Amino acid sequence: MPTPIRGATELSAVHGDAEVLDLLRRRRDDASHPGARSDPHTVALVVGGGGMRGAYAGGMVHALQDAGLANGFDAVYGSSAGAFVGTALVLGHGEDAARIFVDDMADRDFIDPRRFGSRRPVVSLDHLLDHILVHSKPTEWQSLVESPVRLRVMVTHAGDLRPHVITGLSHGDDWKRAMRATAAIPLLTGPPVLIDGESWIDGSVGDPLPVARALQDGATHVLALMTRTVAELSRHHPGERTPLWARSLDLVAPGLGRMTQDVARHGESLALITDAAHPGRDGVHLQTIAPLRSAGVRGLTTDPIRVREATRIGHDAVRTSLALPAAS
């Protein structure tokens, strides 16, 4: 049975219908081989984005793999950093999903706000895709083509700012381009990414937590990994001042700056997440895991101490949800 629905500010690390994690446990315990299924259900993992906030989700995915639950998903959805973390789970790189934020991304080669306004991007996707994911944390993009788990990457159309999903690609290089697109924020990473003649930008602009998309696609069970505490989501106010860099994005497309503030976009998902009677949840099992506390990590944070703590908080949030002791 779903846990009682309370106010959003009262949510703990895990909230919603315990049947989701219970089904993942049954699949783990019953499977004769990875991917084996003895039930008719479709289980989706939805991973929130938010730049370096993805460290929380990286720790969560690491914990899911440690618990033997990573092979229980049929589809994985992610926007921006969430897409990269979701990819790590699909490829069986759960530990790297956490380590990459501390080892490689909390570094000025990847993020350097001092580059804002220069010809060099504040966030270097070239460094991520062509160095980190080649040398430090090698990623076999072609393996996504062959994976039985459907990866669904959210991107946003640069023209109308509407969200779209990329899936079912037949070449590894196409997946690599899709990952570049889901993380492409104008002025911070460079220009939009061109795919099939259309320009695409960061998936978090259009849909930072694609729970509704997973439900529309027919998922019967959804586990959503949040990269903000509920308190952080609840503190958002519509009149809150948008940062300078985000306001500058309105020069690229009116309204883009506001939409990049993913806390506002997450807020639009809170009703679906917290209301068991929501019409979009009819007959569906939905469970969310959120960080128990904040490590002070934001989208462009490069402090390795805070980033490491965020991965630990995420890891512990999953272990708490599974009634396991916190990692030492």
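Buried means under 20% relative accessible area, exposed over 50% and partly exposed in between, using a 1.4 Å probe and protein chains only. This is a predicted model, where local features need pLDDT of at least 70, side-chain atom pairs count only at pLDDT 80 or more, and totals for chains, interfaces and linings use all residues. Residues are numbered from 1 along each chain as its sequence is written, and side-chain values use heavy atoms, with hydrogens and water left out.

View 1. Helices (H or I, at least four residues) and strands (E, at least two) are DSSP runs, numbered from the N terminus. Of the chain's 328 residues, 54% count as buried.

**View 2. Strand S9, residues 285-289, is mostly covered.** Take its five residues: four are buried. Strands count as a pair if DSSP finds at least two bridges between them. S9 runs antiparallel to S1 (residues 14-16), and three bridges join them; look for His15 opposite Thr288 of S9. With S8 (residues 221-225), S9 pairs in the parallel sense over five bridges, and there Leu223 has Gln287 as its bridge partner.

**View 3. Helix H2 (residues 54-66) packs against helix H15 (residues 304-321).** Their axes, lines fitted to C-alpha atoms over the stretch in contact, sit 6 Å apart at an angle of about 45°; angles run from 0 to 180 degrees between N-to-C directions. The contact (heavy atoms within 4.5 Å) involves residues including Ala55, Tyr56 and Gly59 of H2 and Val307, Ala310 and Thr311 of H15.
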